[in-house]
Amino acid sequence: MELDPDDVFRDDDDDPENEFYQENEKEETHFHVAVSCIAQSLKTQIINRSYDEIAICFFNTREKKNLQDLNGVYVYNVAERDDLDRPTARLIKEFDSIEESFTKEIRSQYGILSGSRDNSLYNALWVAQALLRKGSAKTADKRILLFTNEDDPFGSIKGITKIDMMRTTLQRAKDAQDLGISIELLPLSRPDEEFNVSLFYAELLGLEGDDLTQFLISAGERFEDMKDQLRKRMFKKRKVRRITFSIANGISIELNTYALIRPTFPGTITWLDSLTNVPLKTERSFLCADTGALVQEPAKRFQSYKNEDIKFSVEELSEIKRVSTGHLRLLGFKPLSCLKDYHNLRPSTFVFPSDEEVVGSTCIFIALHRSMLRLKRFAVAFYGSSTHPQLVALVAQIHSDIYSATPRANDDQVNKATALMRRIDLKDFSVCQFSNPALQRHYAVLQALALDEDEMPEIKDETVPDEEGMARKGVVNALEEFKRSVYGENFDEEHEFETKGKVSEASRKRKAISENAVKECANYDWLDLVETGKLKDLTVVELKYYLTANNLPVTGKKEALINRILVHMGK
């Protein structure tokens, strides 16, 4: 769940009745809550998991629309889209007005009617199972998200009819689960009574014990997550690739590589046809310089040698340029003291042994790992392709030297630090809860353009420090007590900094670069470059003048730099 920035630094003894605790309670129908969650999920899914396919299915409806022609089930869709397909801008735009069109075109009926053999919940599970027929259980995760405010769907039915309906519905759900389809319930409780999952859905979902008691709590958190999803690219936790690690004398083992944390950048630009909006495909043809005829044969290249043209095929050139087979090859070992922080040029990759193809890989890997730890060495290896060969460092583990002389805090300093940490503790904190404001604005602009929205969604910068929260009396007092405990009563931070002259060479260099960037930046009319579309004509060095002068990151490719400038200028 998302953190409330206003609640991060709230004192534990604050009055819960004050304005910070007042919530704007607004009565909303269960239908509005459900469709709002679905609408928000559709908007974020295009960014989060653009290849996922979804279908929207209403049950307990008066009108019916499904391939099985079953009563009480209406599959909602728009033109030029399959019932189960990736979300589109048209689907999202039209679904935003579903509440108005639903009452006119679809309409609902209240529960399963007494005396009727139509079981709309059974029919809905059947239709959903049929919609999810694409893909196998091994290659796709299939889920049914069930929104309902009726904890006893067969409450108005009596006797043997009710028992029979419950039995067939549970069997239908089990059949779907046996096919690899998971069913998740999102219950909507009435204002005067709590949703009783034990009446029917506990058996359908297989809930018992602690899972049953905690179900409503976890379901409430799930609702909040669906309503407050961030626009972020989701990368599934999986192995990136399988590589062979060549050690020596023909000994090789198998490794799996895993990506840990990766930065997220805006998606690549896709050029579209201005009339059909279809992605453009680039094709290249070769014409004979003498006859003008289209050359059908594969192109050959040559190299002049002793007045003779030596011809090479594309395959021969590829073999000549091949520097590495793509395997990881051990070159040797170096002491850990030789490994510097600035050697880390990109996010690290985690490697783990695998015995799937090469039996014994784990044993060799463990022996190598233990030896590197014992001897305090890291391995130097060669890895890369013919176009990007590189040296890499394989680090088993880095231990700090426990025997080195390091300052130790006394009991009073520890107590003061503990009090400060408790005062500014971020409950249930996760780095994933804070979004990149530049990316959020980028995705918001795309959403506004795709959905023809008049106003762009408001973007809140969650990375800005909570100055109001940090200025609260309890936080300020705890911070001052900690500073006095560590530095003493008469410590002057600015005077201490000036007298000791703790300005590193790197700081001087950064200052010089910043001053030069400000000077160079003044030579460009950036607003005119943006409005005339000439920003792309500048070099990367020139673009970095603006970014450095405005204290913006300078990492990434040219497209990322240009996008960062446009966002900063509000374009």
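Predicted model: local features only at pLDDT ≥ 70, side-chain atom pairs only at ≥ 80, totals over all residues.
Residues are numbered from 1 along each chain as its sequence is written, and side-chain values use heavy atoms, with hydrogens and water left out.

**Stop 1: the hairpin**

Stay with strand β7 (residues 301-305) and strand β8 (residues 308-312), which pair in the antiparallel sense over five bridges. Strands here are DSSP runs of E with at least two residues, helices are runs of H or I with at least four, and both are numbered from the N terminus. Two strands pair if DSSP finds at least two bridges between them. Two residues lie between β7 and β8 in this hairpin, and Lys306 in the turn has a positive phi of about 50 degrees.

**Stop 2: the open sheet**

Next, colour the six strands of an open sheet in the order β10-β6-β5-β9-β11-β12; their pairing is mixed. At the edges sit β10 (349-353) and β12 (389-394), each pairing on one side only. On average, neighbouring strands of this sheet are turned by 40 degrees against each other, direction ignored. Axes are lines fitted to C-alpha atoms (for helices, over the stretch in contact), and angles between N-to-C directions run from 0 to 180 degrees.

Now zoom in on β5 (residues 239-248) and β6 (residues 251-259), an antiparallel pair with eight bridges. Pick Ser246 and its bridge partner in β6, Ser252. Contact means heavy atoms within 4.5 Å.

**Stop 3: two helices**

Select α4 (residues 120-131) and α5 (residues 159-178): their axes come within 9 Å and cross at roughly 15 degrees. That makes α4 roughly parallel to α5, a term for angles under 35 degrees. Show side chains for Leu121, Tyr122, Leu125, Trp126 and Gln129 in α4, which meet Thr168, Thr169, Arg172, Ala173, Asp175 and Ala176 in α5.

**Stop 4: an annotated stretch**

Finish at residues 535-569, where UniProt places the feature "domain: SAP" in an unreviewed entry. Such annotations may be inferred rather than shown by experiment. The chain there is 60% helix and 0% strand, with its end C-alpha atoms 12 Å apart.

Terms used
Parallel < 35°, antiparallel > 145°, perpendicular 65-115°, else oblique.
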